[in-house]
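Student: I would like to learn how to read a pocket. Could you show me the structure?

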Amino acid sequence: DASQPPLTTSKMTKFGDVQKKSGDLLSREYFFDKKFKLTSKASNGVKFTTEGCLAPKSASGSLSASFGTSLKGLTVDKLAVTTAGRFKGEASLSDALPGTKLVIKGEDGGGKNPSGKLDVQYTKDALRVDTSLDFTDGPTVHTAATYGYKQYLVGAELKYNTMLDDKGSPAVEDYNAVLGYTQADVSASVKTANKAQVFKF
């Protein structure tokens, strides 16, 4: 049916974002902390962002910078330090391969364990695949994919912990699926959780 072509990548939804809007509306906790965000840009293209949060019994803040590089497609999306002494970094590389985006993230300091992740996003036509490798937990691999055809969307995810940093045995920690339908201003979906033991509508 030429009037109902397959969904394009611009319409594709990340697996984790399916039902996110409705879920946030139903489960979001509302706070009345005072927050501020100030953004400025230097003449050399570096963007600075200052953020702060004042709660009744605490205060926190961070200073971050983002900028492009001389390497095509490579962007430093965040270099930040928080008032708790936590350092954060994030960089992305677009089109390293056709339809592919790489994002690497890392954190350390502030009295917490370090963390590091590599995210790979691939899109082609109506297909989207997101893979994340958590270096400091397992390492753990999480892969999810969604595919759209006309008004329908199907997807699945798998989380596998290699347990290389522990004495345990490698294990599949989670697996789920989603089926969705969207037309005009109407959308509906069913999504599983907790190893497909729970169904969410």
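Student: Which strand gives the most to the lining of the second largest pocket?

Tutor: Some ground rules come before the reply. This is a predicted model, where local features need pLDDT of at least 70, side-chain atom pairs count only at pLDDT 80 or more, and totals for chains, interfaces and linings use all residues. Residues are numbered from 1 along each chain as its sequence is written, and side-chain values use heavy atoms, with hydrogens and water left out.

Tutor: A strand is a DSSP run of E, at least two residues; a helix is a run of H or I, at least four; both are numbered from the N terminus. A pocket is an open set of points on a 1 Å grid over the protein atoms alone, where a 1.4 Å probe fits, with protein on both sides within 12 Å along at least five of seven lines; lining residues have an atom within 4 Å of a point. Here, S8 gives the most, with 5 residues.

Student: Which strands each supply at least two residues of that lining?

Tutor: They are S6 (100-109), S7 (112-124), S8 (127-134) and S9 (140-149). The protein chain has 1 helix and 13 strands.

Student: Which residues lie nearest the centre of the second largest pocket?

Tutor: Lys-14, Asp-119, Thr-131, Ser-132 and His-142 do, out of 21 lining residues.

Student: How many residues of each class are in the lining?

Tutor: Asp, Glu, Lys and Arg count as charged; Ala, Val, Leu, Ile, Met, Phe, Trp, Tyr, Cys and Pro as nonpolar; the others as polar. This lining has 11 charged, 6 polar and 4 nonpolar residues.

Student: What share of the 201 residues is buried?

Tutor: Buried means under 20% relative accessible area, with a 1.4 Å probe and protein chains only. In this chain, the share is 24%.

How values were computed:
Buried < 20%, exposed > 50% of the residue type's maximum accessible area, 1.4 Å probe, protein only.
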